[in-house]
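Keep the view open while you read.

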Amino acid sequence: MQPVDALFQVVVLNQTPDPERVIYQAMHQDYSPDFVTSESRIPEKYGEAVVRHLLEGNRGHYGPLEHPQITFGVGYFPHAVMQQARTHRVGISFDVQSFRYTGQQIADLGKKLLFASAVRSTTETAAPVGETGYGCVSDRVSGPEAYRVSGPEAYRDSGAEHIAEHSGGTESSLSLQELETLFYVPASVKEGKAKTRQGFRPISPEALDIILAQYRSQAIAYYRLVEECGLPYEDARNIIGYGIRQHFVVSFNCRSLMHFLDLRAKEDAQREIQHLCELIWPHFEAWCPHVAAWYRKHRWGKARLSP
């Protein structure tokens with residue numbers, strides 16, 4: 001799969017060392033009359049034994065795979081992906097960046113965009129800055145057009161990066177870069193086409209302008225609500241949509257991770273959460289190599305639901 005977004009990240013925060021050894025020990029205790037300890041003898045190829053005795057031939061003995069755990073830090077995915085991922089709760093734990101406490105970054109961006117818009121408006125109309133009036137009263141410049149940075153945007157490299165040619169110069173380009181650090185522009189918009197369950201459909205170039213205008217409006221409105229109108233972050237966040245980037249921490253055991261991949265790496269899952277699975281995969285492969293190799297061959301992308 002091609003990169004969906006250059007900012008998406010998955011890192012390992014912690015993991016059970018030698019997980020296949022732990023799985024084998026748990027499996028062995030099921031059948032051993034002796035008490036299994038860390039000193040108990042196990043075969044040299046215990047990873048292969050785990051696959052042979054637990055997974056091959058649809059044996060369905062998944063319990064021992066629940067003992068080892070891995071914890072990921074997931075960064076810069078849109079809120080929509082977090083919402084999808086968090087519907088999976090059995091054997092999975094989440095901690096998610098709260099916009100009740102971390103809203104200052106949105107307010108800071110809104111402030112930069114607002115003042116860039118005011119300067120641009122003043123330059124274009126030759127009106128004094130003091131006549132713009134952006135306080136929390138009724139006679140304002142309103143609507144997304146008041147906050148847009150003018151000029152065409154063209155995207156390249158499958159949407160991983162873009163060229164911004166703005167009339168506002170370096171300041172406007174920086175604002176766009178910072179905007180995309182906090183808000184996600186769908187890869188389908190950058191590529192001009194979207195894959196749905198009904199097939200591909202073309203996306204109008206105007207979609208990009210509309211999305212960027214809405215994100216700028218959200219950031220500016222958030223700043224005004226917090227800094228000018230006195231709203232706390234927990235109330236101001238209600239105007240922010242599903243495109244806001246949101247970091248989270250998620251922990252799986254080996255069994256629940258395979259179940260998550262069954263549901264979210266399949267072809268008809270949303271593209272962004274498929275990419276989350278793609279970024280998780282090399283960590284799973286390095287952590288639990290024999291189990292991961294079996295999974296890749298027999299279950300990856302096949303939408304078979306593990307128990």
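The model is predicted. Begin with helix α9: nine of its eleven residues are buried, so α9 is largely enclosed by the rest of the structure. Buried here means under 20% relative accessible area.

**Helix α1**

Helix α9, residues 254–264, is part of what covers the buried residues of α1. The cover also includes α2, α10 and α11. Which residues of α1 are buried? They are Pro 19, Glu 20, Ile 23, Tyr 24, Gln 25, Ala 26 and Met 27.

The length of α1 can be checked. This helix runs over residues 19–31 and has 13 residues. At 1.5 Å a residue it should span 18 Å, and its end C-alpha atoms are 19 Å apart, which agrees.

**Helices α2 and α11**

Helix α2 covers residues 46–55, and helix α11 covers residues 289–298. Their axes lie 8 Å apart, at an angle of about 45 degrees. The two helices are therefore oblique to each other. On the α2 side, the contact is made by Gly 47, Glu 48, Val 50, Val 51 and Leu 55. On the α11 side, His 290, Val 291 and Trp 294 take part. Five residues of this contact are nonpolar, two are polar and one is charged.

Gln 274 sits in helix α10, residues 271–287. Is Gln 274 buried or exposed? At 13% relative accessibility, Gln 274 counts as buried.

Gln 105 sits in helix α4, residues 104–125. Gln 105 is partly exposed, with a relative accessible area of 32%. Leaving aside neighbours within four places in sequence, Gln 105 is in contact with Gln 97, Phe 99 and Leu 182. Leu 182 is 77 residues from Gln 105 in sequence, yet their C-alpha atoms are 8.3 Å apart in space.

The side chain of each glutamine reaches a backbone oxygen, as the table shows.

| Side chain | Backbone oxygen | Distance |
|---|---|---|
| Gln 105 | Thr 102 | 3.4 Å |
| Gln 274 | Ala 269 | 2.7 Å |

Note on methods. Residues numbered from 1 in each chain as written. Predicted model: local features only at pLDDT ≥ 70, side-chain atom pairs only at ≥ 80, totals over all residues. Heavy atoms only, no water. Axes fitted to C-alpha atoms, helices over the stretch in contact; angles between N-to-C directions. Helix = DSSP H or I, 4+ residues; strand = E, 2+ residues; numbered from the N terminus. Parallel < 35°, antiparallel > 145°, perpendicular 65-115°, else oblique. Contact = heavy atoms within 4.5 Å. Nonpolar A, V, L, I, M, F, W, Y, C, P; charged D, E, K, R; others polar. Buried < 20%, exposed > 50% of the residue type's maximum accessible area, 1.4 Å probe, protein only. Polar contact = N/O pair within 3.5 Å; in protein donor to acceptor, adjacent residues only side chain to side chain. Expected span 1.5 Å × (residues − 1).
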